[in-house]
There are 2 protein chains.
Amino acid sequence: MPPEALTPERILEATEDVLRRYGPAKATVVDVARALGVSHGSVYRHFRTKAALREAVTDRWLERSVGQLATITATAGQPAPVKLRRWLSALFDAKRKKAGDDPELFATYGVLIEENSGVVDEHLRELTGQLREIIEEGVRAGQFAVEDTAVAAQAVFDATARFHDPCHAAEWRSPTIGDEFTAVSDLLLNGLRA
Amino acid sequence: MPPEALTPERILEATEDVLRRYGPAKATVVDVARALGVSHGSVYRHFRTKAALREAVTDRWLERSVGQLATITATAGQPAPVKLRRWLSALFDAKRKKAGDDPELFATYGVLIEENSGVVDEHLRELTGQLREIIEEGVRAGQFAVEDTAVAAQAVFDATARFHDPCHAAEWRSPTIGDEFTAVSDLLLNGLRA
C-alpha cells in the first residue's frame, strides 16, 4: 500500500491531535512529524515555521466553528430580523457545542487564539461583515432603521459577546443561559427595528 | 502611643496588601497577622476562617468598585434613559479604572472572584436590581416599553458584559472601546424605548 500523500490538511489534523495530547506549551513540530511517520523537514515543506503551522491550525479551527454562518447570511427570501436571530443562534450553538464536546481541545485553542491575534482579527472581521450584510438587507427592506450599518453590526456582535466569546464558556453550562440569550436577542432586534 | 485597635477594616486592608505582595496562592493568615504585628489568633477572632477572610476582602473590593452606582440609581428628577446611560458608563469606568490602575491587584481579585461565587452572585444581584429599578422608573414615565423588567435588566447587564466582565479587561485598552461602548448603549436604549 503506497503511503498516503502528505497534504496540508493531514498535517493540520495531526497537529490538532498532538496539541490535544501534549498541550500547546509542549507540542513540537517533531511530535507532529512523528505522528505522521514523516521527517520534520516534510512538515516544514508545507508550513515554513512552527508559528505558521500553529496559525494555520487556529485558522482551521475558527473557520470550522462558523462554516454554517456564511450559509445563513447568503440565504435568499428570508426577512432580515429572522435571519439575524438565526445567525446569532447558530454562532452561540457552534461555540457552545465546541466548548461542551471537547473542553480540553477548547482550552488548547484558547491558548492558540491568544498567540494568533492576526488570524482572530480576520475571523472577527468576517463575522461582523456577515452581520453587516444582514443588517443592510433589513435596512433596504424597511425592517431595520440604522444610521451606520458597520457600527450597528459591531454593536450587535459586542452586545452578544457573552454568548460567543470563549472567556464566557463556563457560563454556557448554566440552565438559564438559553433564556438569557433569547432576552438579549429580543432587545437587540427591538433596538434595530424601524 | 497605644497600638491602633484591630478592626475588621484594618485586617481587610492588610489582607489586600498581603494578597498583592504574595499572590493569592501563597498568602496566609499568618502573613496578614505579621503585617499587622498581631497574633494570627487575633485575626481569627474577627474572621473565623481563612475562607471567611478571603470572602470578606472580595466583597469589599466588589462593593468599592460600584459604590457610585447606587447613588446614580437613587438620583431623583432625571429621565430614566439618561440615568441608565450614566449607570452603564459609571460601571464601565469603575471597572476599567480598577483594571488599569493596578493590574496586579486586579488579577489577584480575578482569582478570588473565582473562589467566592456566592459573594459574586450577591454582587450581580445587587447590580441587576439597580438596573431593574431604573427600567421600572422609565416604564412608569412612559419612556420604556418592557414586558418584564427583571428580564430586561438582566438582558441589559448581559449585553454589556464586554464592558464590565473582568474577562474582557485586555480589550478595555483598545482605542476604539469608548465608541464601541457608546454604540452598544445606543442600541440597548433604542431597544427599551416605548
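1. In the largest nonpolar core, which holds 115 residues, the members that touch the most other members are A:Trp87 and B:Trp87. The coordinates under discussion are those of a predicted model, and the remarks that follow should be read with that in mind.

2. The surroundings of the chain B tryptophan can be listed residue by residue. Leaving aside residues up to four places away in sequence, B:Trp87 is in contact with B:Leu69, B:Ile72 and B:Thr73, and also with B:Leu127, B:Gln130, B:Leu131 and B:Ile134. B:Thr73 and B:Gln130 are thus among the residues that B:Trp87 touches, although both count as polar by class.

3. Turning to the overall make-up of chain A, its secondary structure comprises nine helices and zero strands, which gives the pattern α-α-α-α-α-α-α-α-α when the chain is read along its sequence. The C-alpha trace of chain A spans about 60 × 35 × 30 Å along its principal axes.

4. Chain A has 194 residues, of which 45% count as buried. Where contacts in chain A with a separation of 6 or more are considered, 66% of them are accounted for by residues 24 or more positions apart.

5. A:Arg64 deserves a separate comment. This residue lies in helix H4 of chain A, which covers residues 50-74, and A:Arg64 counts as partly exposed because its relative accessibility is 39%, a value that falls between the cut-offs of 20% for buried and 50% for exposed.

6. The contacts of A:Arg64, again not counting residues up to four places away in sequence, are with A:Glu16 and A:Lys98.

7. In chain B, the packing of helix H8 (residues 149-159) against helix H9 (residues 177-192) can be described in terms of their axes, which come within 11 Å and cross at roughly 165°. Angles over 145 degrees count as roughly antiparallel, and H8(B) and H9(B) are therefore roughly antiparallel to each other. The crossing in which H8(B) passes H9(B) is right-handed.

8. As for the residues that make up this contact, H8(B) contributes B:Ala152, B:Val156 and B:Ala159, which meet B:Val184, B:Leu188 and B:Leu192 of H9(B). Sorted by class, the contact of H8(B) with H9(B) consists of six nonpolar residues, with no polar and no charged residues.

Notes: Residues numbered from 1 in each chain as written. Chains lettered and ligands numbered in written order. Predicted model: local features only at pLDDT ≥ 70, side-chain atom pairs only at ≥ 80, totals over all residues. Heavy atoms only, no water. Axes fitted to C-alpha atoms, helices over the stretch in contact; angles between N-to-C directions. Helix = DSSP H or I, 4+ residues; strand = E, 2+ residues; numbered from the N terminus. Parallel < 35°, antiparallel > 145°, perpendicular 65-115°, else oblique. Left-handed = near helix turned anticlockwise from the far one by under 90°. Contact = heavy atoms within 4.5 Å. Core = buried A, V, L, I, M, F, W, Y, C linked by side-chain atoms within 4.5 Å. Buried < 20%, exposed > 50% of the residue type's maximum accessible area, 1.4 Å probe, protein only.
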